[in-house]
Amino acid sequence: MILFKKNEDLKSWIQEQNRCEVTIGFVPTMGALHQGHLSLIDASRQNNGKTICSIFVNPTQFNDPKDFEKYPVTFEKDIELLINTGCDVLFLPTVSEIYPNGDFEDKNFDLGFLETILDGKYRPGHFQGVCKVVSRLLEIVQPDNLYLGQKDYQQCMVINRLVVLLGLNKKIKINICPTLRELDGLAMSSRNMRLNIAERKTAITIYQTLEFIKSHIEKGNLEKLQQDATKILERIGFKVDYVAIANATTLSPILNWDGEEKLVALIAAFLNEIRLIDNMVLN
Ligand code: AMP
């Protein structure tokens with residue numbers, strides 16, 4: 001595996017691949033890698049000549065500075081995992097490589113409705129930060145295929161929109177990969193490393209609550225189901241940001257279900273200081 005820290009070095013390597021018509025698959029991450037991340041690398045390897053993974057803990061997407069400070073960093077283990085998975089290139093830029101002007105590129109991306117709901121509402125500025133870093137990474141890497149995890153459902157939709165806003169939708173294909181889970185159902189996440197033993201046990205309630213929604217959903221009003229789901233989480237000690245049932249394509253909230261529309265349930269909740277998110281397509 002080749003490790004690049006400088007944009008220019010990575011760019012010249014990519015130009016060489018382009019000259020040889022090698023397709024590039026790209027997996028952007030914030031590191032502290034787990035099997036979920038590696039499943040994206042695998043998916044990319046199956047369909048591309050070369051796979052590039054980036055690790056960059058993007059300061060502009062953390063609305064809570066404490067969350068940024070405590071974000072796990074495990075570079076050595078990450079490098080070992082990437083080598084064993086057969087990743088071709090790791091891009092490990094510094095903040096100044098990504099944001100050379102130091103002003104974090106004061107751009108605004110028109111995300112419309114997506115920015116006003118769910119994580120857009122509860123994490124102000126978060127998706128603008130995601131767009132800043134992803135637009136910069138796409139400019140550097142110019143991949144043919146981009147691999148994202150369904151675990152971050154709303155983020156997938158935001159990046160889909162970003163790619164259209166950047167006029168790159170004809171060039172870059174977005175591939176959304178299923179959420180990898182621990183044996184007990186907990187969605188794999190870098191933040192799980194921060195859970196203590198008791199919190200780790202409690203954390204599976206998010207998955208169980210999604211299953212509860214899935215097995216109890218019926219045509220008609222969904223408010224009671226959402227309230228019951230919220231209570232399950234609160235009773236065990238979560239501070240709930242949201243339990244939402246939404247149209248799986250648009251993320252518009254659905255309060256009355258016609259029994260046909262494709263739905264997704266999404267949860268974001270704090271276990272002490274640690275914020276966990278998960279989702280499940282319901283039908
Ligand atoms: P992150 O490092 O959290 O920014 O995640 C990098 C990429 O990995 C994103 O596209 C995530 O959606 C994806 N990802 C994170 N957790 C999982 C998981 N459990 N299963 C599949 N993909 C995941």
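Which strands does helix H1 (residues 7-19) lie across, and at about what angle does it run to E3?

1. This is a predicted model, in which local features need pLDDT of at least 70 and side-chain atom pairs count only at pLDDT 80 or more, while totals for chains, interfaces and linings use all residues. Residues are numbered from 1 along each chain as its sequence is written, and side-chain values use heavy atoms, with hydrogens and water left out.

2. To take the opening question, helix H1 lies across E1, E2, E3 and strand E4 (89-91), and runs at about 165 degrees to E3. Helices (H or I, at least four residues) and strands (E, at least two) are DSSP runs numbered from the N terminus; angles are taken between N-to-C directions on a scale from 0 to 180 degrees, with axes fitted to C-alpha atoms, for helices over the stretch in contact. Helix H7 (residues 126-141) also packs on the sheet, where it touches E2, E3, E4 and strand E5 (145-149), and its direction makes about 150 degrees with that of E2.

3. The sheet itself is open and has six strands, paired in parallel in the order E1-E4-E3-E2-E5-E6, where pairing requires that DSSP find at least two bridges between two strands. Strand E1 (2-4) and strand E6 (173-177) stand at the edges with a single partner strand each, so one side of each has no neighbour in the sheet. From one strand to the next the twist averages 25 degrees. Within this sheet, E2 (residues 24-29) and E3 (residues 50-55) pair over six bridges in the parallel sense, and Val27 stands opposite Cys53 in E3.

4. The largest nonpolar core has 46 residues, and those with the most contacts inside it are Leu10, Ile52 and Leu251; such a core is a set of buried Ala, Val, Leu, Ile, Met, Phe, Trp, Tyr and Cys residues joined through side-chain atoms within 4.5 Å. Here buried means under 20% relative accessible area, exposed over 50%, and partly exposed in between, with a 1.4 Å probe and protein chains only. H7 gives the most to this core, with nine residues. Leaving aside neighbours within four places in sequence, Leu251 is in contact (heavy atoms within 4.5 Å) with residues including Phe113, Tyr153, Met157 and Leu266.

5. Ser135 has its place in helix H7 and, at 9% relative accessibility, counts as buried. Its side chain reaches the backbone oxygen of Cys131 at 2.8 Å. Beyond neighbours within four places in sequence, Ser135 is in contact with Phe109, Leu162 and Leu166.

6. Helix H8 has 13 residues and reaches 19 Å from its first C-alpha to its last, close to the 18 Å expected at 1.5 Å a residue, where the expected span is 1.5 Å times one less than the number of residues. Among the buried residues of H8 are Tyr153, Met157 and Leu162, and what covers the buried residues of this helix includes helix H6 (118-122), H7, E5, E6, E10 and strand E11 (274-281). Gly167, which follows H8, has a positive phi near 70 degrees.

7. Eight of the nine residues of E10 are buried, so this strand is largely enclosed by the rest of the structure. E10 pairs with E8 in the antiparallel sense over eight bridges, with Ala269 as the bridge partner of Val240. Eight bridges also join E10 to E11, again antiparallel, and Phe270 stands opposite Arg275 in E11. E10 and E11 form a hairpin with two residues between them, and Asn272 in the turn has a positive phi of about 50 degrees.

Conventions
Polar contact = N/O pair within 3.5 Å; in protein donor to acceptor, adjacent residues only side chain to side chain.
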